[in-house]
Amino acid sequence: MSADGGHGQHAGRRTTRRFPLFTRDTARPEGGGRAASGDLPAPARQWPLLVVLATVAVGLLLTSLDQFRVGALLIGAGLLAGAVMRWILPSVGMLAVRSRFTDIATYGVLGLVIVLLALMAQPKPWLVIPYLKDALHFTMKS
């Protein structure tokens, strides 16, 4: 052990695997980048996020105008489009929230669930899954 408390050539490095008490730097968030060049105006640099938000906003508007099924399908399609963009595009701006896998899984699962629920909504569902009806009757038996 050297006089400065270090271990020879590793004097400036941490020797423990514990996290430091105070962090001195942080990693740049993955979504902090731009989806387009810096020459474009701010909205154009974040176009993937704006596509998803605009689609969801139109879906919410249609839902509020008594077009529940079509509105919910648009909301689900917007989330699925976000998953596809996150998978295919190298840079998606602020659409990237967590790791690529987590974003794709989250957007994809939520979008798929919303689409399936919209297709199965009563009355006159567009998608009928007989197994679900049998499961409901099985759980509701007295």
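A polar contact is a pair of N or O atoms within 3.5 Å; within protein, one atom must be able to donate a hydrogen and the other to accept it, and residues adjacent in sequence count only if both atoms are side-chain atoms. The model is predicted, so local features need pLDDT of at least 70 and side-chain atom pairs count only at pLDDT 80 or more, while totals for chains, interfaces and linings use all residues. Residues are numbered from 1 along each chain as its sequence is written, and side-chain values use heavy atoms, with hydrogens and water left out.

**The whole chain.** Display the protein as a cartoon. The protein has five helices and zero strands; helices (H or I, at least four residues) and strands (E, at least two) are DSSP runs, numbered from the N terminus. Of the 142 residues, 23% are buried, where buried means under 20% relative accessible area, exposed over 50%, and partly exposed in between, with a 1.4 Å probe and protein chains only.

**Gln 46.** Select Gln 46, in the loop between helix H1 (42-45) and H2. Is Gln 46 buried or exposed? Its relative accessible area is 14%, and Gln 46 is therefore buried. A polar atom of its side chain lies 2.6 Å from the backbone nitrogen of Met 94.

**Arg 86.** Arg 86 is buried because its relative accessible area is 1%. The side chain of Arg 86 reaches the backbone oxygen of Arg 98 at 3.3 Å.

**The nonpolar core.** Select Leu 49, Val 52, Leu 79, Ala 83, Met 85, Val 92, Leu 95, Ala 96 and Tyr 107, the nine residues of the largest nonpolar core. Such a core is a set of buried Ala, Val, Leu, Ile, Met, Phe, Trp, Tyr and Cys residues joined through side-chain atoms within 4.5 Å. Helix H3 (68-88) and helix H2 (47-64) each supply at least two residues of this core, and H3 gives the most, with three. In soluble globular proteins, nonpolar side chains tend to be buried together.

**Leu 79.** Remain with Leu 79 and show its contacts (heavy atoms within 4.5 Å). Leaving aside residues up to four places away in sequence, Leu 79 touches Tyr 107, Leu 110, Gly 111 and Ile 114.

**Helix H5.** Finally, select residues 130-139, which form helix H5.
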